[in-house]
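Work through the exercises below with the sequence and the model side by side. Try each task before reading its solution.

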Amino acid sequence: MSSHKIIIFGATGRVGRAAVAEARRRGHHVTEAQRPGTDVTSPEDIARAAAGHDAAIVAVYDPAAAPAEFFPAVGSALASGLPASGVRRLVSVGLASVLPTASGELLMDTEGYPQEWRPFYAAHAAGTGALRAAAPATLDWAVLSPSGDFDHEGTPAGRYVRAPADAAARITPADFARALLDEIETPTVHAAHIGVTA
């Protein structure tokens, strides 16, 4: 397996830290992009930070920003900034809420699913929509999310499987990071959002 030069935006969050650790465990060269210094809503900042890399992982969130503005701005900035820097592969972290369940119904539309965060779910979906609308053919992108949620206290299983959305599904950040890095090393998801669980 050849080594990749990977930039990880959001490297200080729990998922970002797991991705950094997994990438380094596999022998990749990793750059941790974080605020302050890199504005992920700025194509110019993304292009500058990502120059010299061949892949990017994005796990970002700004609690101070309005989600409905932040996530679409990030999607558009990635679609423009990464190709400008020469990056060809992007794997971004999404939300299970906007994935279809086994029945085809979106998880956020299922009975009993928490609705107080629905604008946040919609904002995440809009971010993926903005990426889809603006990404050129030269950017091979994928969005991965837990099928349900993260298990921050559990022991990593050392594996994962693809699965439709399921509110009860759980995966540790370490196992999720395996999925992220597998999609960098051997891309199988293209211009799509999938869920994974342990």
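## Exercise 1: the cavity

The structure holds 1 cavity of 30 Å³ or more. The model is predicted, with local features needing pLDDT of at least 70 and side-chain atom pairs pLDDT 80 or more, while totals for chains, interfaces and linings use all residues. Residues are numbered from 1 along each chain as its sequence is written, and side-chain values use heavy atoms, with hydrogens and water left out.

Task: state the volume of the largest cavity and describe its lining.

Solution. Start with the term: on a 1 Å grid over the protein atoms alone, a cavity is a set of points where a 1.4 Å probe fits but cannot get out, and lining residues have an atom within 4 Å of a point. The volume, which is the space filled by probe spheres set on the points, is about 160 Å³ for the largest cavity. Next, the lining has 14 residues, with Phe 71, Val 74, Ser 92, Val 93 and Gly 127 nearest the centre. Two or more lining residues come from each of helix H3 (67-85), strand E4 (89-93) and helix H4 (118-134); helices (H or I, at least four residues) and strands (E, at least two) are DSSP runs. By class, the lining of the largest cavity splits into 8 nonpolar, 6 polar and no charged residues, Gly being counted as polar.

## Exercise 2: two helices

Task: describe how H2 and H3 pack.

Solution. Helix H2 (residues 43-50) packs on H3 at an angle of about 35°, with the axes 8 Å apart; axes are lines fitted to C-alpha atoms over the stretch in contact, and angles run from 0 to 180 degrees between N-to-C directions. The contact (heavy atoms within 4.5 Å) involves Pro 43, Ile 46, Ala 47 and Ala 50 of H2, and residues of H3 including Ala 77, Leu 78 and Gly 81. Last, the contact residues of H2 with H3 comprise 8 nonpolar, 3 polar and no charged.

Methods: 1 Å grid on protein atoms, 1.4 Å probe; cavity = no way out; pocket = protein on both sides within 12 Å on 5 of 7 lines; lining within 4 Å.
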